[in-house]
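Me: Please take a close look at one pair of packed helices in this model. I would like to know how the two are arranged and what surrounds them.

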Amino acid sequence: MEFVHYSVLQKEVLSLLVPPDRQALMIDCTLGEGGHSKLFLETYPLLNVIGLDRDSEIIEKAKRRLAPFGDRFQAINIWFDEFFSTYDGPRPDLVLFDLGISVFHYEESGRGFSFRKSEELDMRLDKTAPMRVEDIVNGYQEDRLADVIYQFGEERYSRRIAAAICSYSKSKRITRSDELAEIIYKAVPPAYRYGRIHPATKTFQALRIEVNRELDRIEPALRKAIDLTNPGGRIGVVSFHSLEDRKVKWLFKRAAEGSVPQPGEAQRTDDGKPKVRILTKKPVVPTTEECGLNPPSRSAKLRVVEKLED
Ligand SMILES: C[S@@+](CC[C@H](N)C(=O)[O-])C[C@H]1O[C@@H](n2cnc3c(N)ncnc32)[C@H](O)[C@@H]1O
């Protein structure tokens with residue numbers, strides 16, 4: 001099968017992100033293999049889609065999949081925050097973020113995202129970026145590494161894990177994903193080795209977030225997406241862990257109160273006029289049936305807002 005990613009919350013995303021009944025534009029900020037974009041292009045014949053993804057391999061898969069839609073679909077290989085910082089095209093009516101990485105990355109990319117495989121420790125989405133996870137685990141000071149694992153993985157054994165990684169890398173460079181997983185496995189207390197998740201899960205997540213600067217990109221992109229979207233348009237975000245969801249919830253709440261602080265200013269607010277209406281008081285989560293069919297969906301949370309008059 002060419003496409004390995006099962007798009008999450010399909011019905012819920014479609015029913016909350018409804019385009020106006022005219023020629024409309026959607027920006028799919030995390031195109032992946034194009035599953036969500038395909039759904040929207042099929043459902044809404046008047047909709048055009050711009051799909052963004054920083055991964056040059058996965059974007060080629062999406063282009064092949066969406067080629068039948070001709071010039072209704074356009075793909076751009078870019079980080080979504082960089083896209084929004086320079087975009088001056090037509091205003092979108094729908095904006096979708098489905099954060100994180102795709103099954104493609106774990107199963108097919110060969111870039112060390114999975115601790116169950118023996119692959120190079122890379123984990124970059126942007127293969128032109130100078131730093132790989134291999135450079136982080138062999139190059140960061142122990143304290144800095146522990147902070148990354150704690151902050152982005154919420155890993156309670158971050159200090160033990162960082163100490164074990166740094167001690168190991170003094171005598172041998174760590175180059176493979178299974179090698180790193182084994183170091184982590186041995187570093188944690190025995191009881192933690194046999195828990196609900198593999199003991200390397202959170203550390204791998206943290207390293208991936210660090211190497212791609214994933215969390216830094218969400219807020220600036222969302223802020224611009226809110227400003228740019230046509231009144232009446234909708235912005236939806238699917239997040240997969242609490243660090244992402246907290247940022248989305250906070251920004252949507254501030255936008256609904258008309259009090260989005262300027263970048264770098266915790267308190268200063270804009271003009272006090274609400275910019276959005278929150279459509280999901282509580283985040284929408286997958287049904288038990290979806291979680292059974294597609295276990296990675298179980299941590300997904302969807303939040304949607306509607307843009308108010310400018
Ligand atoms: C969860 S997948 C999207 C799956 C897609 N919605 C589908 O249905 O097939 C997330 C995708 O977003 C990309 N991505 C993650 N963060 C990004 C960012 N800040 N800018 C651009 N692309 C990003 C990843 O490379 C990945 O392909």
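Reply: Helix 12 passes helix 13 in a right-handed crossing; the model is a predicted one. Helix 13 covers residues 242-257, and its axis comes within 10 Å of the axis of helix 12, the two crossing at roughly 25°. Because angles under 35 degrees count as roughly parallel, helix 12 is roughly parallel to helix 13.

On the helix 12 side, the contact is made by Leu215, Ile218, Glu219, Leu222, Arg223 and Ile226. Helix 13 meets them with Leu243, Glu244, Lys247, Val248, Leu251 and Ala255. By class, eight residues of this contact are nonpolar and four are charged, with no polar residue.

The ligand has 22 residues around it, and the closest are Ser7, Thr30, Gly32, Gly35 and Asp98. Two elements give two or more residues to this shell: helix 2, residues 35-43, and helix 12, residues 214-228. The shell consists of six nonpolar, nine polar and seven charged residues.

The C-alpha trace spans about 65 × 50 × 40 Å along its principal axes.

Key
Residues numbered from 1 in each chain as written. Predicted model: local features only at pLDDT ≥ 70, side-chain atom pairs only at ≥ 80, totals over all residues. Near = placed C-beta within 6 Å. Helix = DSSP H or I, 4+ residues; strand = E, 2+ residues; numbered from the N terminus. Nonpolar A, V, L, I, M, F, W, Y, C, P; charged D, E, K, R; others polar. Axes fitted to C-alpha atoms, helices over the stretch in contact; angles between N-to-C directions. Parallel < 35°, antiparallel > 145°, perpendicular 65-115°, else oblique. Left-handed = near helix turned anticlockwise from the far one by under 90°. Contact = placed C-beta atoms within 7 Å.
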